[in-house]
Amino acid sequence: MTRFDKFFGLKAITLTAALSMTAGLALAGDNNFSSDQILNALKPKPATRGLSAGPQADPAAQAKESTFLNTVRNRSTRSLSTGEREQIAELAATKPKIDLEIQFDYNSADIAKTSVPSVQALGKALSDPSLKGSTFVVAGHTDAIGGEEYNQGLSERRADTIKKYLVQNYGLNGTDLVAVGYGKSKLKDTANGADPINRRVQVVNMEANTTASK
């Protein structure tokens, strides 16, 4: 009888531990944003009257920004120079943005199955009428593992993959999506370069309308 109790007691402990581990993995992998969360993050922030004449509303600055964005439309990601990538990052710093923990297959630009819902939510959000006409930057980032050149190329291919997915599956205009790769040059967690949090896709609403009648 004692052996019987010990046996089932041990089985119960093992089952409980297994369930706890499964729950932990489910929580750890639940990093997908909903389309509403993405939409809210990317919506242009309303300008206040007090700032309407400020630097951000300067017509000359806006015209310069639009001119630059027009030079990087329809460009392949690998054709962007270091200077152009940095200029995009500088402009994006003050824009509505969101970091999506989109994972890819190991050493690949193929979207991992667990991250497909995030990409689908992104496509739904960018298709919303409230974002119609905006230009979006799709920026790929890697972790710090591996060489600089390899990571740069990998981040570019991954950014291109997201752009192609959005164009092919959601009918978005490719000229409104600027894909750019940053490799491991802009880590989200600089103290832990190997942390998966660094492997992300950042989407930025550049708020530059391209075709008002679209």
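A crossing is left-handed if the near helix is turned anticlockwise from the far one by less than a right angle, and right-handed if clockwise. Helices (H or I, at least four residues) and strands (E, at least two) are DSSP runs, numbered from the N terminus.

The model is predicted: local features need pLDDT of at least 70, side-chain atom pairs count only at pLDDT 80 or more, and totals for chains, interfaces and linings use all residues. Residues are numbered from 1 along each chain as its sequence is written, and side-chain values use heavy atoms, with hydrogens and water left out.

**Overall layout**

The chain holds 6 helices and 4 strands. Along the sequence they follow the pattern α-α-α-α-β-α-β-α-β-β. Buried residues (under 20% relative accessible area; exposed is over 50%, partly exposed in between, with a 1.4 Å probe and protein chains only) make up 37% of the 214 residues. Contact means heavy atoms within 4.5 Å. Among contacts between residues at least 6 apart in sequence, 80% join residues at least 24 apart.

Axes are lines fitted to C-alpha atoms, for helices over the stretch in contact, and angles run from 0 to 180 degrees between N-to-C directions. Angles under 35 degrees count as roughly parallel, over 145 as roughly antiparallel, 65 to 115 as roughly perpendicular and the rest as oblique.

| Helix pair | Angle | Axis separation |
|---|---|---|
| H2 and H5 | about 50° | 8 Å |
| H5 and H6 | about 60° | 10 Å |

Take H2 and H5. The angle of about 50° makes H2 oblique to H5. H2 passes H5 in a right-handed crossing. From H2, Ser35, Ile38, Leu39 and Leu42 take part; they meet Ser118, Ala121, Leu122, Lys124, Ala125 and Leu126 of H5. By class, this contact has 7 nonpolar, 2 polar and 1 charged residues. Here Ala, Val, Leu, Ile, Met, Phe, Trp, Tyr, Cys and Pro count as nonpolar, Asp, Glu, Lys and Arg as charged, and the others, Gly among them, as polar.

H5 (residues 116–126) also packs on H6 (residues 148–170). These two helices are oblique to each other. Their crossing is right-handed. H5 brings Val116, Val119, Gln120, Leu122, Gly123, Lys124 and Leu126, while H6 brings Ile162, Tyr165, Leu166 and Tyr170. The contact divides into 8 nonpolar, 2 polar and 1 charged residues.

Which residues of H2 (residues 35–42) are buried? They are Ser35, Ile38, Leu39 and Leu42. They cover an arc of only 100° around the axis, so they sit on the same side of H2. The arc is that of the directions from the helix axis to the C-beta atoms. On the other side of H2, Asp36 and Asn40 are exposed. The cover over the buried residues of H2 includes strand E1 (97–100), H5, strand E2 (136–141) and strand E4 (200–205).

H4 (residues 82–92) buries Glu84, Arg85, Ile88, Leu91 and Ala92. Their arc is only 125° around the axis, which puts them on the same side of H4. They pack against H3, E1, E2, H6, strand E3 (177–181) and E4.

**Val72**

Val72 belongs to helix H3 (residues 59–72). Is Val72 buried or exposed? It is buried, with a relative accessible area of 2%. Not counting residues up to four places away in sequence, Val72 touches Leu80 and Val178. Val72 and Ala179 are 107 residues apart in sequence, but 9.2 Å apart in space, C-alpha to C-alpha.

**Two asparagines with positive phi**

Most residues other than glycine have a negative phi. Asn74 has a positive phi of about 60° although it is not a glycine. Asn74 lies in the loop between H3 and H4. Its relative accessible area is 61%, so Asn74 is exposed.

Asn107 also has a positive phi, of about 55°, and is not a glycine. Its place is the loop between E1 and H5. At 42% relative accessibility, Asn107 counts as partly exposed.
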